[in-house]
Amino acid sequence: SKYAWAKKRKPAGYEAIEPTLQNFEQRMKEAVDDPHEGRRKCESTWMIHRLHFEKNRYIYDLYKAKKMSRELYQFLIQHKVADGPLHKKWQTPGYETVCSIRSVRTGDHNFGTTSVCRVPLAKRQDKISPCSETGCISCASGDTGPIWWDELEKAHLVADRHRRKRGLPNTAHDDDEDPAFMERLKKLRQA
């Protein structure tokens, strides 16, 4: 491997998760090398953000379920296999399912706020669309975890369910979608 830590002695249990980590690394390389013709510039990084989330969530869930030793967990964070700040944010109430640190950094967004994906689907008044930065539609705590760009139908179902609970009418989402976005979404799903 290209990492300097590959030569270091790894804690017990690393062999059990190594194939999965290598699979994530291979998928990440494919996402980086994926041609981005026909996509907006920001859409070319969406899969990278999603894979980063999935790998880190895999590590975090193993640790929380006590299927990974603290020594191994600290080793992965220390050697930057796992994203330490993201794991720390997941321990904060209200941020258990945040998709990326970028979505909660207020300096990266207009008016010193967080990303649109942090707004619960039921409270959005405009059309439901992914965050241009990460491709996450919603990672608000009440919306069943991150909903990504290729799960638009799921986002509409969650939003409608929340609206019904609050006694609000469902949103009409058949004709309000941008046709150009829907075409790009089809291409992204095929990739």
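This is a predicted model: local features need pLDDT of at least 70, side-chain atom pairs count only at pLDDT 80 or more; totals for chains, interfaces and linings use all residues.
## Overall architecture

The protein contains six helices and two strands. Along the sequence these elements are arranged as α-α-α-α-β-β-α-α.

Of the 191 residues in the protein, 40% are buried. The accessible surface amounts to about 11300 Å², and carbon and sulfur atoms account for 51% of that surface. Where contacts link residues at least 6 apart in sequence, 53% of them join residues at least 24 apart.

## Packing of helix 1 against helix 2

Two packed helices are described by the angle between their axes and the distance between the axes. Helix 1 spans residues 14–33 and helix 2 spans residues 46–64; their axes come within 9 Å and cross at roughly 170°. Because this angle is over 145 degrees, helix 1 is roughly antiparallel to helix 2.

On the side of helix 1, the contact is formed by Ile 17, Thr 20, Leu 21, Phe 24, Arg 27, Met 28, Ala 31 and Val 32. Helix 2 contributes Met 47, Ile 48, Leu 51, His 52, Glu 54, Lys 55, Tyr 58, Ile 59 and Leu 62. Sorted by class, the residues in this contact are twelve nonpolar, two polar and three charged.

## Leu 188 in helix 6

Helix 6, covering residues 179–190, includes Leu 188. The relative accessibility of Leu 188 is 10%, so this residue counts as buried.

Apart from its neighbours within four places in sequence, Leu 188 has contacts with Arg 39, Glu 43, Trp 46 and Trp 149.

A disulfide is a covalent bond between the sulfur atoms of two cysteines. The criterion applied here is a pair of cysteine sulfur atoms within 2.5 Å, and by this rule the model has zero disulfides.

Two cysteines illustrate the result. For Cys 117, the closest cysteine sulfur belongs to Cys 139 and lies 3.7 Å away, which is too far for a bond. For Cys 131, the closest cysteine sulfur is that of Cys 117, at 4.8 Å, and this distance is likewise too far for a bond. Cys 117 is buried, with a relative accessible area of 0%, and Cys 131 also counts as buried, at 4% relative accessibility.

Terms used. Residues are numbered from 1 along each chain as its sequence is written. Side-chain values use heavy atoms; hydrogens and water are left out. Buried means under 20% relative accessible area, exposed over 50%, partly exposed in between (1.4 Å probe, protein chains only). Axes are lines fitted to C-alpha atoms, for helices over the stretch in contact, and angles run from 0 to 180 degrees between N-to-C directions. Helices (H or I, at least four residues) and strands (E, at least two) are DSSP runs, numbered from the N terminus. Angles under 35 degrees count as roughly parallel, over 145 as roughly antiparallel, 65 to 115 as roughly perpendicular and the rest as oblique. Contact means heavy atoms within 4.5 Å. Ala, Val, Leu, Ile, Met, Phe, Trp, Tyr, Cys and Pro count as nonpolar, Asp, Glu, Lys and Arg as charged, and the others, Gly among them, as polar. Accessible areas come from the Shrake-Rupley method with a 1.4 Å probe; for residues, only the protein chains shown count as cover.
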